[in-house]
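These are my notebook entries on one chain. I set down what I looked up, entry by entry.

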Amino acid sequence: MFQFLGIAFSPYVGHWTGTAPNAKVPLWNSYSQQSIVRMVEVIAPQFNKMRIKVGVRSHTFGEIANPNSSYYTQLKTLIQNCDFTLCNLYPAVNTATPTAGVNQVGQAFHQIKTAVADINPQGEVMIGETGWSSQGVSFNNTDNNVANLLAYDGSEASWRKIYEANRAVIGNDPNQLQAGMIFVIPEDNQSQPNPSSSKGLRDMLEALGAFESGLPPGNPNQYKVENSLGFMGKYQFGEALLIDLGYYKTPKPYIGGGNGVDKNYWRGTWTGKKGINSKRQFLNSPNVQEFAIREAFALNLKRINNALAPQGKSVNNYLGKTKTFNDKGVSKTITITLSGILAGAHLRGPYGVANLLLSNQVSHDEFGTSILRYIKEYGGYNVTPADFS
């Protein structure tokens with residue numbers, strides 16, 4: 001608990017001048033550098049005894065990225081003497097869209113983090129305030145308009161939409177937010193990417209791996225990611241899948257909590273397939289993970305076709321066709337492709353895909369991600385069974 005508890009103090013507290021309604025606080029830099037440092041020196045030891053970090057909060061920290069700023073020396077002194085800084089960052093006046101505002105704040109935040117790291121490598125940087133004002137007036141006179149209201153209304157539909165648009169950054173657990181993440185706010189008319197048909201299996205796997213791991217393509221740490229439910233690796237493998245693929249054994253694997261197990265604990269044994277005898281070896285074996293995802297695609301495709309066969313159908317009966325589904329009251333029309341089916345099966349299993357095709361049953365994972373999201377997001381890649389068989 002203590003690592004998350006901090007005290008942000010303002011040097012000017014108690015120094016209001018004038019009388020209401022014209023009372024005001026002098027600018028913080030009206031205090032001498034020595035007096036501010038002295039305040040830090042007095043307060044810090046008291047909180048340090050309680051293992052509480054001491055930091056400062058200001059609207060002016062953006063100036064630390066400009067060595068020629070008149071604020072630079074004072075800000076540098078504060079950063080050198082504090083455990084953390086809280087930055088108040090707002091979008092510019094009359095920012096056109098929520099996305100533009102978020103990007104502005106994100107860029108400013110990263111500039112501050114870079115500058116602070118050069119001054120105090122142990123210093124933490126956090127955003128103390130941000131957003132558009134609730135009264136329609138702020139320091140930047142930013143309008144409280146309809147677009148802002150729709151983007152930040154706080155409903156599950158809104159935060160889910162924002163999460164899905166940023167899942168590649170956040171990862172598979174929407175509760176695992178980290179300082180420094182930069183998000184985009186999707187507009188209502190923002191369309192999903194439509195990959196070129198010239199892109200093949202490798203391109204699809206790079207996109208899927210980035211989304212699953214939460215790290216950008218080419219980042220070697222993709223293979224070492226583990227989420228809050230114990231899914232691991234670039235493609236977030238679970239116990240049940242690796243059992244099916246012959247890498248792992250346990251009498252009670254995690255299957256969405258259905259057998260009383262609440263996560264992938266990886267307490268079973270490894271079979272030695274492909275030389276893998278431990279979880280650590282698997283996480284440190286990119287080639288094995290790439291081989292395993294292709295095995296998974298082949299197995300899932302076989303199982304989907306087996307599930308469709310009693311109805312006299314196969315995956316081929318659906319490829320290229322457009323179907324409309326009801327996803328929690330929202331109508332969604334999607335063109336069925338093999339790459340989309342494979343991605344959907346990776347999220348919800350082969351029988352989740354079979355139920356979708358046969359009965360229009362739309363399923364969701366533990367974090368609420370719809371199977372339709374995967375089928376659409378990763379549809380349209382030029383993938384054939386020969387690519388992974």
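**Entry 1. The chain as a whole**

I note at the outset that the model is predicted. I counted 13 helices and eight strands in the chain. Of its 389 residues, 43% are buried. I then looked at contacts between residues at least 6 apart in sequence, and 63% of these join residues at least 24 apart.

**Entry 2. Helix 10 against helix 11**

I looked up how helix 10 and helix 11 (residues 338–348) pack, and found an angle of about 100° with the axes 10 Å apart. The two helices are therefore roughly perpendicular to each other. On the helix 10 side I listed Ile 293, Phe 297, Asn 300, Leu 301 and Ile 304, which meet Leu 338, Ile 341, Leu 342, Ala 345 and His 346 of helix 11. By class, this contact has eight nonpolar and two polar residues, with no charged ones.

An α-helix has 3.6 residues a turn, so residues three or four places apart point the same way.

**Entry 3. Helix 10 against helix 12**

I next took helix 10 (residues 286–308) with helix 12 (residues 350–359), whose axes lie 8 Å apart at an angle of about 40°. Angles of 65 to 115 degrees count as roughly perpendicular and those under 35 as roughly parallel, so I record helix 10 and helix 12 as oblique to each other. Their crossing is right-handed. Helix 10 contributes Asn 300, Arg 303, Ile 304, Ala 307 and Leu 308 to the contact, and helix 12 contributes Pro 350, Tyr 351, Val 353, Ala 354, Leu 357 and Leu 358.

**Entry 4. Helix 11 against helix 12**

To complete the set I looked up helix 11 with helix 12, which pack at an angle of about 120° with their axes 6 Å apart. These two helices are therefore oblique to each other. Ile 341, Gly 344, Ala 345 and Arg 348 of helix 11 meet Pro 350, Gly 352, Val 353 and Leu 357 of helix 12. The residues of this contact divide into five nonpolar, two polar and one charged.

I also followed individual residues between lists.

I tested the length of helix 7 (residues 201–213). At 1.5 Å a residue its 13 residues should span 18 Å, and the end C-alpha atoms are 18 Å apart, which agrees. Its buried residues are Leu 201, Met 204, Leu 205, Leu 208, Gly 209, Ala 210, Phe 211, Glu 212 and Ser 213. Just after helix 7, Gly 214 takes a positive phi of about 80°.

I then turned to Arg 294, which is found in helix 10. Its relative accessible area is 21%, and it is therefore partly exposed, the cut-off for buried being under 20%. Leaving aside residues up to four places away in sequence, Arg 294 touches Leu 201, Leu 205 and Phe 388. The C-alpha atoms of Arg 294 and Leu 201 are separated by 9.5 Å, although the two residues are 93 apart along the chain.

**Entry 5. Val 105**

I located Val 105 in helix 3 (residues 98–119). Its relative accessibility is 9%, so I count Val 105 as buried. Beyond residues up to four places away in sequence, Val 105 touches Leu 89, Tyr 90, Pro 91, Ile 127 and Thr 130. For Val 105 and Thr 130, 25 residues apart along the chain, I noted a C-alpha separation of 7.8 Å.

I looked up two residues other than glycine with positive phi: Trp 266, near 55°, and Lys 328, near 55°. Trp 266 is found in the loop between strand 5 (248–249) and strand 6 (269–270). Lys 328 lies in the loop between strand 7 (322–327) and strand 8 (330–335). Is each one buried or exposed? Trp 266 is buried, with a relative accessible area of 9%, whereas Lys 328 counts as exposed at 64%.

Conventions:
Residues are numbered from 1 along each chain as its sequence is written. This is a predicted model: local features need pLDDT of at least 70, side-chain atom pairs count only at pLDDT 80 or more; totals for chains, interfaces and linings use all residues. Side-chain values use heavy atoms; hydrogens and water are left out. Axes are lines fitted to C-alpha atoms, for helices over the stretch in contact, and angles run from 0 to 180 degrees between N-to-C directions. Helices (H or I, at least four residues) and strands (E, at least two) are DSSP runs, numbered from the N terminus. Angles under 35 degrees count as roughly parallel, over 145 as roughly antiparallel, 65 to 115 as roughly perpendicular and the rest as oblique. A crossing is left-handed if the near helix is turned anticlockwise from the far one by less than a right angle, and right-handed if clockwise. Contact means heavy atoms within 4.5 Å. The expected span of a helix is 1.5 Å times one less than its number of residues. Buried means under 20% relative accessible area, exposed over 50%, partly exposed in between (1.4 Å probe, protein chains only). Ala, Val, Leu, Ile, Met, Phe, Trp, Tyr, Cys and Pro count as nonpolar, Asp, Glu, Lys and Arg as charged, and the others, Gly among them, as polar.
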